[in-house]
Amino acid sequence: MDVTSLGLRTNLMIVTLAGGQVEDRGEYVVARSPDNPTFWWGNFLALPRPPQPEEVSGWLDTFAAELPTAAHRTFALDSVPEPAGGPATSVLGTATAWQAPWTSAGFTSWSDSVLVAESVREPLHVNTEATYRPLASEADWAQLVELRCANDDDHEPAAYRVFVEASVRGIRRMVADGHGQWWGAFIGGRLLSTMGLFTDGSGVARYQNVDTHPDARRLGLAGTLAYRVGRWGLAELGARQLVIVAEPTGMAIALYRQVGFVDAEPVDQLEKAPPGDAPTPAP
Ligand SMILES: CC(C)(COP(=O)(O)OP(=O)(O)OC[C@H]1O[C@@H](n2cnc3c(N)ncnc32)[C@H](O)[C@@H]1OP(=O)(O)O)[C@@H](O)C(=O)NCCC(=O)NCCS
């Protein structure tokens with residue numbers, strides 16, 4: 001299967017760099033992250049087109065056979081290239097009828113936006129108080145785990161921590177192997193905003209997990225860090241194209257556009273959480 005979508009291609013790139021496996025089965029691609037089995041988007045199937053209603057149960061069987069220990073279900077859909085070589089389009093946007101059987105089977109479907117930049121500029125609000133640097137010490141990595149856990153309110157906390165800890169081990173492996181860096185904005189030694197940038201040496205580098213601690217939002221930290229990391233990626237990581245993925249509406253995408261990213265294409269996903277995955281109810 002030839003993967004067209006830049007978002008999907010760079011997802012698969014990150015899975016591989018973090019120690020997982022990507023296997024092309026011809027009809028589909030399977031991504032596996034044996035060191036992080038509960039990472040939904042590290043253990044998924046990529047499909048070339050939206051499945052027809054009669055194909056849904058077959059794909060569910062294929063998922064179960066390929067990823068037998070996974071409790072979640074995740075399918076990425078490749079984008080549809082325009083016939084005249086124009087930008088790829090969302091399969092979710094072009095047809096909706098095929099989604100009904102997935103919804104009935106408990107899936108949610110959505111499109112994220114893939115943005116690209118070949119240069120970056122400073123955001124409107126530059127934060128000059130923070131120190132911006134790659135994470136280095138054990139204490140830095142421990143702070144990353146805490147920040148990412150503090151920033152999540154969608155999942156069951158203990159299970160989410162297991163996922164984040166495994167994810168950070170994968171990140172450290174990518175850093176140790178020289179594929180990129182994980183950056184932080186620190187004030188008074190405290191990690192308050194963070195993101196990674198990694199490449200396989202192809203000239204394309206993908207941003208990962210932009211997070212600012214809930215106590216430190218709207219201080220200009222993520223914008224300034226995204227700019228600094230982009231500048232570093234283009235000057236020192238050997239990247240010619242920076243790629244970032246965001247929800248199509250909201251603060252994050254506006255921020256990325258502010259530092260110079262432009263919308264390239266959508267990337268479509270289908271996801272079903274494992275049973276029992278929910279935030280802890282407020283006491
Ligand atoms: C999205 C997120 C990373 C933004 O982090 P942040 O550090 O608050 O971002 P910034 O402070 O750089 O910018 C946020 C907004 O505050 C504004 N801002 C920053 N400093 C400001 C200041 N001194 N005065 C007024 N506005 C300011 C920015 O302009 C921006 O608003 P705009 O896009 O409308 O212009 C953060 O909200 C977050 O972690 N959210 C949860 C995780 C998430 O959604 N991540 C993104 C995944 S794609």
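Strand β9 (204–212), helix α7 and helix α8 (251–258) each supply at least two residues of the shell around the ligand. Helices (H or I, at least four residues) and strands (E, at least two) are DSSP runs, numbered from the N terminus. The model is predicted: local features need pLDDT of at least 70, side-chain atom pairs count only at pLDDT 80 or more, and totals for chains, interfaces and linings use all residues. Residues are numbered from 1 along each chain as its sequence is written.

**Ligand shell**
- The ligand is surrounded by 21 residues, a residue being near if its C-beta atom, placed from the backbone, lies within 6 Å of the molecule.
- The closest are H125, T212, R217, A222 and G223.
- Helix α8 provides the largest share of the shell, five residues.
- By class, the shell holds eleven nonpolar, seven polar and three charged residues; Ala, Val, Leu, Ile, Met, Phe, Trp, Tyr, Cys and Pro count as nonpolar, Asp, Glu, Lys and Arg as charged, and the others, Gly among them, as polar.

**Helix α7**
- Eleven of the 15 residues of α7 are buried, so the helix is largely enclosed by the rest of the structure.
- A residue is buried if 20 or more other C-beta atoms, placed from the backbone, lie within 10 Å of its own.
- Among the buried residues of α7 are L221, A222, G223, Y227 and R228.

- Strands β1 (residues 21–24) and β2 (residues 29–32) pair in the antiparallel sense over four bridges; pairing requires at least two bridges found by DSSP.
- D24 stands opposite V29 in β2.
- Four residues lie between the strands, and G26 takes a positive phi near 90° in this hairpin.

Notes
A residue is buried if 20 or more other C-beta atoms lie within 10 Å of its own, exposed if 12 or fewer, and partly exposed in between; C-beta atoms are placed from the backbone.
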